[in-house]
Amino acid sequence: MTNLFDLDLLFVTGKGGVGKTTVAAALAEVAARRGQRVLVCEMDAKGALATAFEVTELAFETTEVAPNLHAMSMSTEDSLREYLRLYVKIPFVGRLGVLASTFDFVADAAPGVKEILAVGKLCWEVKERNYDLVVVDAEASGHVVSQIGAPRVIADLVQVGLVREQTQWMLDILEDPMRTGVVVTTTPEEMPVTESIELLQRLTGETGTHPAAVVANRVLPAMFDRAEQKVARHVRHAVPVLVDAVGPGAVAVVEAASIIESRRSIGAEHLDRLRAVVSELDPPMSARGRSSPVPIITVPELFSRAHGRRVVTLVADSLDEEIS
Amino acid sequence: MATKRTRAKRSVATDEQPSLDPLLASREMILVAGSGGVGKTTVAAALGLAAVQRQPGRVLVLTVDPARRLATALGLEALGNAPHPIPNEALEAAGLEPRGELHVAMLDTKAGWDELIRRHAPDAATRRAVLANPLYENITSRFVHSHDYLAMEQLHDLHATGEYDLVIVDTPPSRNALAILDAPGRMADFFGSRLLRWLTVPYRSRLFTFASKPFYQVADRILGSRFLQDVADFFVLFQQMEAGFVKRANEVEALLVDPRTAFVVVSTLEAAPAHEARFLAESLLERKMTVGAIVANRVLPPHLASPLASEAAHDLAERTGRDADGAIAADVAAATGDDPDVVDRVLHQMATRFDDLAMVAAREADRRTELAALAATTVTVPWLSGDIHDLRGLGRLACHLRGVADQADSS
C-alpha cells in the first residue's frame with residue numbers, strides 16, 4: 001500500500017511531544033528488520049534518540065545500535081569539518097577546532113548555514129549510497145520548514161561561493177518525491193493535528209519536498225461498537241447495581257471506560273479533520289509517474305509502562321504490520 | 001457525578017484545596033511555562049479569568065499561539081493582536097462573575113521586531129535601511145530565539161505602561177523551554193560577539209584582517225564574499241542600535257528575577273512533558289527565579305489507581321464474558337432496559353480495559369509527586385471532557401486553578 005521504504009531519505013517531524021523520535025527510531029528499525037542498511041540521525045542533539053535505543057550517547061560518528069541499524073547525532077561543527085575535508089582541501093585541518101567554533105558565530109547569524117550543513121551531511125550519505133535508507137529525527141513541525149528548506153533559502157541568498165555550488169545536488173535529492181519524503185507524526189489531539197495540517201499544506205510549496213506519510217500515534221482503539229456505545233452510556237446510570245455486585249470500586253471502572261471512550265471520540269474527530277486534508281493533497285508527480293496518495297498510518301496507544309527500546313520495538317511492530 | 005462529589009469530600013477532609021489565588025493576588029507578572037502541547041495557552045487564559053473573578057483590577061493575558069477556537073473565544077480573530085478587553089457581558093453570558101477587567105493580546109513576532117527597530121533606530125534612514133534589508137526578516141525570525149526574546153520584551157513593555165495590575169504571558173513554544181530564560185542574555189552577548197565586531201569593521205580594514213586570518217579566507221570561500229557583505233551591511237546597521245538593545249535586554253533580564261514576577265510551570269503527567277517540566281522548574285530555581293506554582297494538567301482521577309477499583313474490575317471481568325453466568329449483566333440490563341447480551345459485552349469490555357487506564361493513572365500519580373516537590377503550590381486539573389475552546393470551559397478550568405467548587409459541575 002505504501003512505498004515508504006523505497007525512498008532514500010525520510011524526514012520525520014511533528015509537534016513536540018507526539019513521539020516523533022520514537023516513530024523515527026521505529027521506522028528505522030522496521031527498515032533494518034527488512035534487511036535494509038539504515039542510518040537514523042537525531043538533528044537536535046537533545047539525546048532523545050540515544051534514550052530510545054538505550055545507548056549512553058550518540059555522536060556524529062555512527063553507532064550500530066542493531067544489526068544494519070546505524071545511529072548518529074548531528075553536529076554542525078563535525079559536519080563542517082567533514083565538509084571542509086571533502087571539498088575545500090585546506091591544509092590545516094588539525095586546527096579546525098578553533099576555526100569551527102568561530103565559524104559557529106557566522107552560522108548562527110547567517111540564515112540557513114547551520115541547517116544546510118546538517119541537511120547536506122544527510123544528503124551526502126544518500127548521494128554516496130552509503131545506506132539504503134536514511135531516517136532523520138528532524139526538527140519539530142514549527143521549525144522543520146526552515147530546516148529542510150535551507151538549501152532553497154541559501155540558493156536564493158548566496159550568490160556565489162562553494163555553498164551555493166553545493167545546493168543544487170542537494171535540491172535534486174530533496175525535491176524528488178521518489179527519493180525524499182517527509183513523515184508527519186501527530187497524536188489525535190487538537191494542536192498536533194492543526195500543526196500537522198498547516199505543515200502538510202505549506203511543505204511542498206516552501207521546501208520543494210513532499211509528504212510521504214502521516215503517522216497517527218497513540219490512537220486509542222475503539223472500546224465499543226455503535227450499539228454498545230449507547231448501552232455503555234446507560235450503564236453509567238446503573239452504577240449502584242454494579243456497586244452492589246462488585247463493590248464501590250465499580251464507580252472507577254465505569255468512569256475509566258467513559259474517559260477512554262470520550263478521549264477516543266474527540267481524537268477520532270481530529271483525525272477526521274486530518275484525513276480530509278490529506279485526501280485533498282495532490283500526490284506528487286515525478287519523473288517515474290504519479291505516486292500513490294499520502295497514507296495515514298495508525299499506531300495504537302500502547303498503555304505500556306515501558307520506556308526506551310521496548311517502546312521502539314512495540315511501535316516498530318505495529319508499523320511493520322501497517323506498512324506493507 | 002457521584003464520583004466527583006466523593007472525591008471533593010475526600011480532599012477537603014485531608015487539607016484545603018491548593019489554590020493559585022494567593023499567587024494571582026501578590027504578583028504583577030506571571031510567566032506560564034512548560035513543554036509544547038500541555039495546555040499552556042489555555043492555562044494562561046484561565047489564570048487571567050481566575051484573577052478577574054477573584055479581585056478587581058485590570059489583567060492582561062499575552063498569548064502566543066492559541067488554537068483557533070480558543071482565539072475566537074478570546075476575540076483575537078476579530079480584534080487582532082493589540083490588547084483589547086473581553087467585554088464583561090461576554091463573561092457573564094458564560095456564567096462567570098468578573099470583578100475586574102480581562103484584556104487579551106497576541107504576540108506578533110514580525111510586528112514586534114519592526115517596533116523594536118523603530119524604537120532603537122537612531123534616525124529614519126537607518127530604520128528604513130534595516131526594514132528594507134533582505135536579511136532582516138530571515139535573521140530576526142531565526143536567530144537568538146527571537147520569539148522568546150520578543151515575548152519578554154512585550155512583557156516588559158506592557159508592564160511598564162502601568163495600565164495593568166497583572167500581566168500573564170503564555171511563553172512561546174520553544175524547542176527547549178529554557179531558551180526563554182537565556183534569551184535576554186543571548187541578545188546582549190550577541191552584540192558583544194567577535195563575529196559582530198569583525199563583520200562591522202569597515203570593509204577595507206577587513207580586507208587586511210582577511211589576509212591574516214585563515215578563518216576568514218575559508219568563510220569567504222565557502223559562503224561567498226557577496227553574502228558575507230550582505231550580512232555585514234545588515235549588522236553595521238544593527239550595531240547602531242546596540243546600546244538601546246543591550247540596555248533593554250538587561251532590563252528584561254532583571255524583570256525575570258524581580259520579586260513581582262513568578263513562573264507557573266504547566267505539565268501533563270505523561271513521561272516526556274513531566275520530565276521537561278521538572279528540568280525547567282529545577283533550572284528556574286537555580287537561576288533564582290520564582291516557581292510560583294506547578295499546574296498538573298489533564299490528570300486522570302487518582303482513585304482509578306486504587307486497589308478497590310482494581311479488585312472491582314477483576315471481579316467484574318470474571319463474572320461477565322462468555323463463561324460467566326450473566327447474573328450481573330441481567331441485573332444491569334433490568335435497570336437500563338437494554339439487551340442483557342450487549343450489556344454483558346459492554347461490562348466485560350469495561351472491566352478488561354480498566355487495567356490500561358489504571359496503569360496510566362498510577363504512573364501519573366508518581367510523576368505528580370515528583371513535580372510537587374519543586375514548588376510550594378501544586379494544582380491538579382482533572383482531565384476535563386473535551387478541548388477547552390470557549391469562555392465557559394475556561395471558567396471551569398479557572399475554578400480548578402483557584403481550588404474552588406466548579407459551578408458547572410454542581411449545576
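The term pLDDT denotes the predictor's confidence in each residue, on a scale from 0 to 100. This is a predicted model, in which local features need a pLDDT of at least 70 and side-chain atom pairs count only at pLDDT 80 or more, whereas totals for chains, interfaces and linings use all residues. Residues are numbered from 1 along each chain as its sequence is written, while chains are lettered from A and ligands numbered from 1 in the order in which they are written.

For residues 1-14 of chain B, pLDDT stays under 50, and the model has 8 contacts there beyond four places in sequence, a contact being two residues whose C-beta atoms, placed from the backbone, lie within 7 Å. The confidence values are as follows.

| Item | Value |
|---|---|
| Chain B, average pLDDT | 79 |
| Chain B, residues with pLDDT at least 70 | 74% |
| Complex, ipTM | 0.77 |
| Complex, pTM | 0.77 |

Chain A has 13 helices and 10 strands, these being DSSP runs numbered from the N terminus (helices H or I, at least four residues; strands E, at least two). Of its 324 residues, 51% are buried, that is, with 20 or more other C-beta atoms, placed from the backbone, within 10 Å of their own.

In chain B, helix H19 (residues 327-336) has B:Ile328, B:Ala329, B:Val332, B:Ala333 and B:Thr336 buried. Seen down the axis of H19(B), these residues fall within an arc of 130 degrees, so they line one face of the helix; the arc is that of the directions from the helix axis to the C-beta atoms. Their cover includes helices H10 (226-235) and H11 (239-246) of chain A, together with helix H20 (340-372) of chain B.

Methods: A residue is buried if 20 or more other C-beta atoms lie within 10 Å of its own, exposed if 12 or fewer, and partly exposed in between; C-beta atoms are placed from the backbone.
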